[in-house]
Structures are given as C-alpha cells and as structure tokens.
Amino acid sequence: MYNLFVMQVEALKQIKRQIVLLDPESKRELADFLQHTVEDSSDALPTHISDADRHAQTEWIKTNREKYAHRYVALEGTELVGSGKTFSEAKQEATEKGFPNAFVTYVFSEKDVVSGGL
Amino acid sequence: MPYLLEFETFLPYDQGLDGITVQTTIGFSDSAVTFPAKIDTGSSVCIFERSHGESLGLEIESGVFQRIGTATGTFNSYGFHVALKVAGLIFDSLVFFPENEHIKKNILGRHGWLELVKLGLVDYEGKLYLSKHA
C-alpha cells in the first residue's frame, strides 16, 4: 500500500512536469478530460424527478402506449401535460401549461420492432 | 457560408476503441452504474446490458416490453425511466435492457439521448462536443 502511494506521488510529479510543456489548447483539453473523469466516478445522479415518479411514468407508458403510439408525450408525475409528433411540440405544450420540466419521451407501439443499430 | 455552433462541453474519446465510445452512467434511486457505451445514430433507442439494469435494482421484466431489431435478428427488451449521464450532462430517459443476459450491447441511440443533445463530432481527432438541447 505504501509503495503504491509512493508510485502515485512520483507519477503525479512526472505528469505535472509534462503538463507545463503543453500548449494552452492542450491544457484546456486535459482540464476537460480530468473534470469528466472526476464527475463520472460519482455515484449520485441528481435530477428533479423522484423514484416514485419514474416508476409511475414507466407504468403510465405500459398502460397508455397504444393510444399515444408513434407520438411524444410529456408527463408530470402521471399526468399527461403534452403530446405531439415531435419532441419540441410535446415539450412546448407542457411548458405552456406550466410544466417546463416534464418528462418527455417517444412512445412505441408494443407491436413495433425498433431499430437497435447493428 | 460558415455555420457556427457552440457547445457546453468537450469530451476527447479513445480512437483506439471500437466505435465512438464514451463513459456513461445510469442511475435509479440511490444506485448508479458507469460503463462505456457507443454512440449509435442508427439505433432508435438506448440499449444497455441487462446486468446494468439489475445493478440498479430494476426488475427487468417489469419494464415496458419492446422488440428490438438488429442486422442479425431481433430480441426482447424492457424499458425503464432512468437518469442518464454522459460527459457531465444529465438526462431523464427511457432506456432499454435486453431480456437475454448474453446480449452485451451498450449503445446511446436516438430516443433517450441523441434527440436530447446537440452533438459535434471530429472523429479524425477523437473529439466530441456536446450540449443539452432539451
């Protein structure tokens, strides 16, 4: 464990010596890379939607999918606050009704075979 | 005439990997799991390994059933509303997990991710630029 610590300290010193040689753009790239590396090691994913709402919205889609198939829906809790042929249509309707943070998603029919890439 | 775009964030990616691969985190409740996923404009949805959904405590077969088609065949999957994070940008997305645990696909597709971002790509240099769009 102690040896690992010493190795990390030495590696860090070496990296710092190399960083000063980089041009400003490369330093900015490195800073961005390090920021994302640190962020991605975090466990928390804070959003404004509760677990209960996530569950309920998944259930809402299961129940109502055929009625809204091939359209976007905007859900606030389990209330439908917008729908449309495009994401922006559904989002706009929700926003106009006072729900700018509504969850917007596309609804497939249960019969659809959805493209999953190659 | 030039077309100028501005982005919130920049993400260099490893050109040595197969596909354009970025670290991706999905979260539900107090759990989160991080793994590499490929950006796939040919996929209509985001698809992640079943084991990733299970590690969030999701009962996979209780999700939104959907058949998924690929060049080599079709498979059953189940959708869940989760939090999705790529390059520090967090989204609320419906993503799908295959019923079959042996399907090791991890892809960021159109619905649930691509349609929520503005994306700039310079593959020659391994550079990805991203902003939240919606």
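**Entry 1: chain B, overall**

I started by counting the elements of chain B in this predicted model. I found one helix and nine strands. Then I read chain B along the sequence and wrote down the pattern β-β-β-α-β-β-β-β-β-β. I also looked up the radius of gyration of chain B, which is 15 Å. The globule rule gives 14 Å for 134 residues, so chain B is as compact as a globular protein of that length.

Next I took the box around the C-alpha atoms of chain B. Along the principal axes, the box is roughly 50 × 35 × 25 Å. I noted that 42% of the 134 residues in chain B are buried. For contacts in chain B with a separation of 6 or more, I noted that 55% join residues 24 or more positions apart.

**Entry 2: a three-strand sheet in chain B**

I traced an open sheet of three strands in chain B, in the order 1-9-8. The pairing is antiparallel. Which strands stand at the edges? They are strand 1 (9-12) and strand 8 (117-122) of chain B. Each has a single partner strand, so one side of each is left without a neighbour in the sheet. I noted an average twist of 20° from one strand to the next.

I then went through the pairs. Strand 1 of chain B is joined to strand 9 (residues 127-132) of chain B by four bridges. Here B:Pro12 has B:Lys127 as its bridge partner, and B:Leu11 stands opposite B:Leu128. B:Val122 has B:Lys127 as its bridge partner.

I also checked the turn. Strand 8 and strand 9 of chain B make a hairpin, with four residues between them. In the turn, B:Gly126 has a positive phi of about 65°.

**Entry 3: the nonpolar core**

I remembered the general point that nonpolar side chains tend to be buried together in soluble globular proteins. I looked for the largest nonpolar core and found 50 residues in it. Among those with the most contacts inside this core are A:Ala74, B:Val22 and B:Leu84. Which element gives the most to this core? It is strand 5 (residues 73-86) of chain B, with six residues.

Leaving aside neighbours within four places in sequence, I listed its contacts: B:Ile26, B:Phe91, B:Ser93, B:Val95, B:Gly112 and B:Trp113. B:Val95 is itself among the residues with the most contacts inside the core.

**Entry 4: where chains A and B touch**

How many residues does the contact take from each chain? I found 31 residues from chain A and 41 residues from chain B. On the side of chain A, the elements that give two or more residues are helix 2, helix 3, helix 4 (87-96), strand 3 (103-107) and strand 4 (113-115). I sorted the residues of that side: 13 are nonpolar, eight are polar and 10 are charged.

I also found strands that pair across the two chains. Strand 4 of chain A runs parallel to strand 4 (residues 64-70) of chain B, and three bridges join them. In this pair, A:Val114 has B:Ile68 as its bridge partner.

Then I turned to A:Ile49. I placed it in the loop between helix 2 (24-40) and helix 3 (51-64) of chain A. Not counting residues up to four places away in sequence, A:Ile49 touches A:Arg54, A:Phe103 and B:Asp92. Is A:Ile49 buried or partly exposed? It is partly exposed, because it has 18 other C-beta atoms within 10 Å, and a buried residue needs 20 or more.

Most residues other than glycine have a negative phi. I wrote down two residues with a positive one.

A:His70 has a phi near 70°. I found A:His70 in the loop between helix 3 and strand 1 (71-76) of chain A. A:His70 counts as exposed, because it has 11 C-beta neighbours inside 10 Å.

B:Ala87 has a positive phi of about 55°. B:Ala87 lies in the loop between strand 5 and strand 6 (89-98) of chain B. B:Ala87 is buried, because 23 other C-beta atoms lie within 10 Å.

How values were computed
Residues are numbered from 1 along each chain as its sequence is written. Chains are lettered from A and ligands numbered from 1 in the order in which they are written. This is a predicted model: local features need pLDDT of at least 70, side-chain atom pairs count only at pLDDT 80 or more; totals for chains, interfaces and linings use all residues. The radius of gyration is taken over C-alpha atoms; the globule rule is 2.2 Å times the number of residues to the power 0.38. A residue is buried if 20 or more other C-beta atoms lie within 10 Å of its own, exposed if 12 or fewer, and partly exposed in between; C-beta atoms are placed from the backbone. Two residues are in contact if their C-beta atoms, placed from the backbone, lie within 7 Å. A nonpolar core is a set of buried Ala, Val, Leu, Ile, Met, Phe, Trp, Tyr and Cys residues joined through C-beta atoms within 7 Å. Two strands pair if DSSP finds at least two bridges between them. Axes are lines fitted to C-alpha atoms, for helices over the stretch in contact, and angles run from 0 to 180 degrees between N-to-C directions. Ala, Val, Leu, Ile, Met, Phe, Trp, Tyr, Cys and Pro count as nonpolar, Asp, Glu, Lys and Arg as charged, and the others, Gly among them, as polar.
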